[in-house]
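Look at the sequence and the model below before reading on. The report then goes through selected parts of the chain.

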Amino acid sequence: MTTIAGLASGSGRTLLHLADRRPGGAALGVVVTDDPDAAILGRAADRGVETVVVERAARMEAAEYDRRLLQALAEYDVDLVGLDGFDTEPSATFLEEAPLTIDAHSSLLPAFPVSQPVRAALEAGVSVTGSTVHLVRASSASVRADQNGDIPPILTQEAVPVYADDDHASLQERVRTQAKQKAYSRAVRLLAEGRVTVTDAAGQADVSNEGDDGGHADVSIEGDHGGRFPARRMLSEDRGRALRYGENPHQDAALYVDATATEASVVHADQLNPGAKALSYNNYNDGAAALDLIAEFSAPAAAVIKHTNPAGCAVADSLADAYDRALATDEKSAFGGVVSLNRPCDRATAERVVETFKEAVVAPGYSAAALAVLRQEDDLRVLDVGEIDPRAGGLVEKPIAGGRLVQDRDVTAPDPEELEVVTEREPTAAERETMAFAWRTIKHVKSNAIVFAAGTETVGIGMGQVSRVDAVSLAAMKAENDAEGKDAEGAVMASDAFFPFRDGIDEAATAGIEAVVQPGGSVNDDAVIEAADEHGMAMAFTGTRAFRHD
């Protein structure tokens, strides 16, 4: 375990943040201050951290004071010294004998290497500043001097924006809480994990505070490289617009925009119905889900999305027919949903869309006749997202408390001819095509997910269940009760993950399912396959699952 000695003259809030968070398992072992009235003393004691006061007498030479500091630290087994607003700057005497010592500067070095960096950033009118955590080297000029000197070796940096209405107090608080504490915690974690290598100008390992005669050194961090999942990320997005509210009226919300995005999106879409209200949080969420689904298909396709789940999806020879078939899956649930189309919307399709209430339409363009029809609906948002290309293999992410999950986007699309058939009965060519369609659709259904499909249209969808057999039952119920002009008899069933037991297959057989596509991989695969054979079903494995939890 890495033990830190913290040196502070005031509140030492960054050191206390380290004590609370223990990055990399590091612990704040002792706090040393030069002020017997320093606020950090009581706060550290409340956390069970030992404290020492080493006062500096008037006219005491720096070397003498630093020897007293070293004597105080000698009573403790510390691995790292962290400075946090320590008024007495350590001299060469201290640094030559102390463990590796780090400090934070309230700017993005080499910018503003002065004693008042936050004020300097405001006066310079910069739009971004931040904090730098660096090694303290005996041979380096202090970054707290009001002059440019050698910049000490940098461990980490964090940036924050500077707003037009910022004053010194507001910006300093943002730098401390959003930049300094984060950068300091990251630096301590990297040091505690043994991932930092310090070398001198000759390339030799140097774990002291001395540096070489010129004060030059290099810091390298193991694993700190680029690639798809870099060790560190810095995100920069601009607020595009304030939203009326979030998912619910009591939640405030805003939309932040990635100006570098090039693929079709509802964020950058033109809203073509001037009478409609601005998009809400839920409209954006559903619109994005609708667009992601419809981008799966190259032939004319339509989908209706409700609460980010498809109420229905279909591919057909014409856009209007595709919409009709998608809507017919579950017109009841489609009420108030978002329609997505992968072709420019024509008049025939528009006329069908406005027959029942919808929140929004998402398409790569609209004919003049279609716009005339859609604009008759005052509350209908009409979004032109531009050309829709198949989604590329990028990253998708989800913020969670304390961090952010990042993963590859799921762009898998099984070739119908390469599915692994595991039953006695081979699927027909038509069933293989339906399996491929159902798999592209099920990727956009919340797990546990089941899709019943016939041809290239959905028949019944079971989503968001905690039991897979319940998802099958839900899809069967929706097909029987809510699908118009179609049913599950002779349909194909897709499952986003393997069947743990044969009960899901038995339930599907009762509904009339004749073919199944699923990932496979269960310890009970043999029993599941046996059930399919008993019911005369064809079953194929994809080898990959398609969970979607958001």
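This is a predicted model: local features need pLDDT of at least 70, side-chain atom pairs count only at pLDDT 80 or more; totals for chains, interfaces and linings use all residues.

Residues are numbered from 1 along each chain as its sequence is written, and side-chain values use heavy atoms, with hydrogens and water left out.

**The second largest pocket**

Rolling a probe the size of a water molecule over the atoms shows where empty space is left. Here a pocket is an open set of points on a 1 Å grid over the protein atoms alone, where a 1.4 Å probe fits, with protein on both sides within 12 Å along at least five of seven lines. A lining residue has an atom within 4 Å of a point. The second largest pocket has a volume of about 1,500 Å³, a volume being the space filled by probe spheres set on the points, which are joined across faces, edges and corners.

The lining of this pocket consists of 33 residues. Nearest the centre lie Glu-158, Gln-178, Lys-182, Arg-233 and Leu-235. By type, the lining has 13 nonpolar, 8 polar and 12 charged residues. In this division Ala, Val, Leu, Ile, Met, Phe, Trp, Tyr, Cys and Pro are nonpolar, Asp, Glu, Lys and Arg are charged, and the others, Gly among them, are polar.

Helices (H or I, at least four residues) and strands (E, at least two) are DSSP runs, numbered from the N terminus. Helix α6 (168-192) supplies the largest share of the lining, 8 residues. Among the elements that each give at least two lining residues are α1 (13-21), β7 (154-161), β10 (238-243) and β19 (403-408).

Buried means under 20% relative accessible area, exposed over 50%, and partly exposed in between (1.4 Å probe, protein chains only). In α1, the residues Thr-14, Leu-15, Leu-16, His-17, Leu-18 and Ala-19 are buried. They pack against β1 (3-8), β2 (27-33), α2 (40-46), β4 and α6. Just after α1, Arg-22 has a positive phi of about 50°.

Arg-176 belongs to α6. Its relative accessibility is 16%, so Arg-176 counts as buried. Leaving aside residues up to four places away in sequence, Arg-176 touches Arg-13, Thr-14 and Gln-181, where contact means heavy atoms within 4.5 Å. Pro-161 is 15 residues from Arg-176 along the chain, and their C-alpha atoms are separated by 13 Å.

Helix α8 (residues 319-329) has 8 of its 11 residues buried, so it is largely enclosed by the rest of the structure. Among these buried residues are Leu-319, Tyr-323 and Leu-327.

**Strands and their partners**

Two strands pair if DSSP finds at least two bridges between them. The table lists three pairings.

| Strands | Direction | Bridges | Opposite residues |
|---|---|---|---|
| β4 and β5 | parallel | 2 bridges | Gly-82 and Ile-102 |

In strand β21 (residues 450-454), 4 of the 5 residues are buried. β21 and β22 form a hairpin with 2 residues between them, and Gly-455 in the turn has a positive phi of about 60°.

Ala-494 is part of strand β23 (residues 492-495). Is Ala-494 buried or exposed? At 0% relative accessibility, Ala-494 is buried. Apart from residues up to four places away in sequence, it touches Ala-438, Ile-442, Ala-449, Ile-450, Val-451 and Val-517.

Strand β5 (residues 101-105) has 5 of its 5 residues buried. Thr-101, Asp-103 and His-105 point one way from β5, while Ile-102 and Ala-104 point the other way.

**Aromatic pairs**

Rings of Phe, Tyr and Trp (its six-membered ring) pair if their centres lie within 6.5 Å; planes under 30 degrees apart count as stacked, over 60 as edge-to-face and the rest as tilted. The structure holds 2 aromatic pairs. In one of them, the ring centres of Phe-335 and Phe-357 are 5.5 Å apart and the planes are at 55°, so the pair is tilted. Phe-335 lies in the loop between α9 (331-334) and β15 (337-341), and Phe-357 in the loop between α10 (347-353) and β16 (358-363), so the pair ties together parts that are 22 residues apart in sequence. Phe-335 is partly exposed at 48% relative accessibility, and Phe-357 is partly exposed at 36%.
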